[in-house]
Amino acid sequence: MKTLIKNIKQLVSPVNEDYAILSDFKRLSVYENVSIVVNNGIIEEIIDNPNPDIEVSGVINARNRVVMPAFVDPHTHLVFAGTREDEFNMRIQGKTYMEIAKAGGGINSTVKKTREASEGELYEAAKSNLLKMIEHGVATFEIKSGYGLDTETELKQLRVIKKLMENMPVDIKATFLGAHEIPPEYREDKEKYIEILINEMLPAAKEQGIAEYCDIFCEEGVFDVEESRRILTKAKELGFKIRMHADELTPLGGAELAAELGAKSADHLVYISDKGIDAMVSKNVVFVMLPGTTFFLMSQKYAPAKKIAERGGIVALSTDFNPGSSYTHSMPMIITLACLNMGLTIEQAINAATINAAYSLDLHNKTGSIHKGKQADLIFLDIPSYKFLVYNYGVNHVSAVMKKGKVIYQR
Ligand code: NIG
Ligand code: FE
């Protein structure tokens with residue numbers, strides 16, 4: 001089945017099909033006044049003028065919109081119960097994220113509610129949040145567990161992710177994040193929780209077969225580098241690929257560990273060292289930047305995305321969508337924050353939110369750029385040129401989202 005997407009005012013894509021670094025990271029392919037031929041959901045060709053002889057079974061009129069690859073969000077905590085607006089109110093009055101966590105709020109307050117929630121309730125909440133993210137242009141997601149912190153609830157969260165994979169019209173990759181925090185019942189005996197993680201939770205998550213990646217919160221007061229190494233080494237032995245929350249609030253050396261373990265990505269990286277940058281670059285570990293989290297936690301210190309890009313790192317962007325440290329459904333907002341606060345150019349930020357994010361999820365063969373043979377995962381934007389995505393900030397310009405050639409959202 002062939003579809004013609006005609007009247008595209010400006011078609012914008014990463015130049016590369018796999019990932020973009022250095023000079024390619026600064027560039028985008030831009031075609032004016034073109035059409036795209038989609039065959040069975042796959043991009044077949046970009047043509048200058050719609051050829052009237054082309055035989056198609058459907059025509060989609062882009063009505064002079066800007067079209068670019070749908071965003072890929074490579075770091076979300078989409079499955080949880082309850083929200084934390086009261087903590088937010090405390091934070092804006094001066095309490096820090098860590099102070100609130102120590103006083104029993106933070107991740108553990110979401111853990112309590114997530115343990116109590118039924119699978120159906122978790123699914124409905126996650127679905128509603130996921131649909132809002134689609135409205136903002138995301139058509140490929142990574143979703144983590146990590147609000148269970150016991151075998152039963154972590155598996156429950158992963159089952160919810162599986163149900164989303166089966167029922168939502170997007171690509172989803174699942175990550176096991178049992179090492180997101182020390183649960184309250186093991187606050188005084190972290191070693192015991194690590195043993196449970198290694199001997200019980202990781203094997204159970206592996207056996208369930210839903211999670212492809214294993215992630216950890218490598219941070220002062222959570223899991224230090226040595227503990228992270230133990231847990232992630234076991235995860236690797238079981239066949240998980242590795243992602244990490246690293247060097248977010250303190251310079252612990254998580255980036256170096258990510259390189260040592262051959263992780264697929266290390267995320268946050270606000271306090272990454274120069275050594276950590278070089279180590280990750282040499283091992284092709286993706287630097288997932290989460291400027292929304294820094295913004296929402298009201299810190300002035302952003303991850304050094306510009307420096308990382310100059311040194312040849314693969315830079316990706318993500319919302320970090322979660323109820324505590326980044327409650328936004330908007331990838332365009334993240335792109336704007338990356339430009340204004342991390343010094344990325346518009347072109348770099350778009351590459352980071354599409355092809356490099358896809359690469360970090362091992363999905364660059366399918367999505368993240370507009371190239372022949374990839375899925376027609378596209379967004380239609382109501383703006384005069386792609387630069388308005390960032391320039392005209394705080395507004396959702398997405399008028400439609402296409403996944404594998406099908407319109408999955410239209411305003
Ligand atoms: O990525 N850093 C740790 N985990 C999350 C926050 C989760 C929460 O506060 O509920 C993050 O920022
Ligand atoms: Fe996170």
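User: What lines the largest cavity?

Analyst: The largest cavity is lined by His 77, Tyr 97, Ile 107, Tyr 147, His 180, Phe 217, His 245, Glu 248, His 268, Asp 320, Asn 322 and Ser 325. This is a predicted model: local features need pLDDT of at least 70, side-chain atom pairs count only at pLDDT 80 or more, and totals for chains, interfaces and linings use all residues, while side-chain values use heavy atoms, with hydrogens and water left out. Residues are numbered from 1 along each chain as its sequence is written, and chains are lettered from A and ligands numbered from 1 in the order in which they are written.

User: What makes a space a cavity?

Analyst: On a 1 Å grid over the protein atoms alone, a cavity is a set of points where a 1.4 Å probe fits but cannot get out; lining residues have an atom within 4 Å of a point. Grid points are joined across faces, edges and corners, and the volume is the space filled by probe spheres set on them. By this rule there are 2 cavities of 30 Å³ or more. The largest has a volume of about 90 Å³.

User: How does the lining of the second largest cavity divide by class?

Analyst: It has 6 nonpolar residues, 1 polar and 1 charged. Ala, Val, Leu, Ile, Met, Phe, Trp, Tyr, Cys and Pro count as nonpolar, Asp, Glu, Lys and Arg as charged, and the others, Gly among them, as polar. The largest share, 3 residues, comes from helix α3 (residues 97-102). In the largest cavity, the lining has 4 nonpolar, 6 polar and 2 charged residues.

User: What are the protein donors of the iron ion (ligand 2)?

Analyst: They are His 75 (NE2), His 77 (NE2), His 245 (NE2) and Asp 320 (OD), at 2.1 to 2.3 Å. The cut-off for a donor N, O or S atom is 2.8 Å from the metal (3.2 Å for Na, K and Ca), and water is not among the atoms, so sites may look incomplete. The values of 2.1 to 2.3 Å therefore meet the 2.8 Å limit. His 245 in strand β9 and Asp 320 in the loop between β12 (315-317) and α13 (331-342) are 75 residues apart and link distant parts of the chain.

User: Why does His 245 count as buried?

Analyst: Buried means under 20% relative accessible area, exposed over 50%, partly exposed in between (1.4 Å probe, protein chains only). His 245 has 3%, so it counts as buried. Asp 320 has 2%, so it is buried too.

User: Why is Pro 384 called partly exposed?

Analyst: Its relative accessible area is 43%, which lies between the limits of 20% and 50%. Pro 384 is found in the loop between β13 (378-381) and α16 (388-391). Helices (H or I, at least four residues) and strands (E, at least two) are DSSP runs, numbered from the N terminus. Leaving aside neighbours within four places in sequence, Pro 384 is in contact with Lys 9 and Val 66. Contact means heavy atoms within 4.5 Å.

Technical notes:
On a 1 Å grid over the protein atoms alone, a cavity is a set of points where a 1.4 Å probe fits but cannot get out, and a pocket is an open set with protein on both sides within 12 Å along at least five of seven lines; lining residues have an atom within 4 Å of a point.
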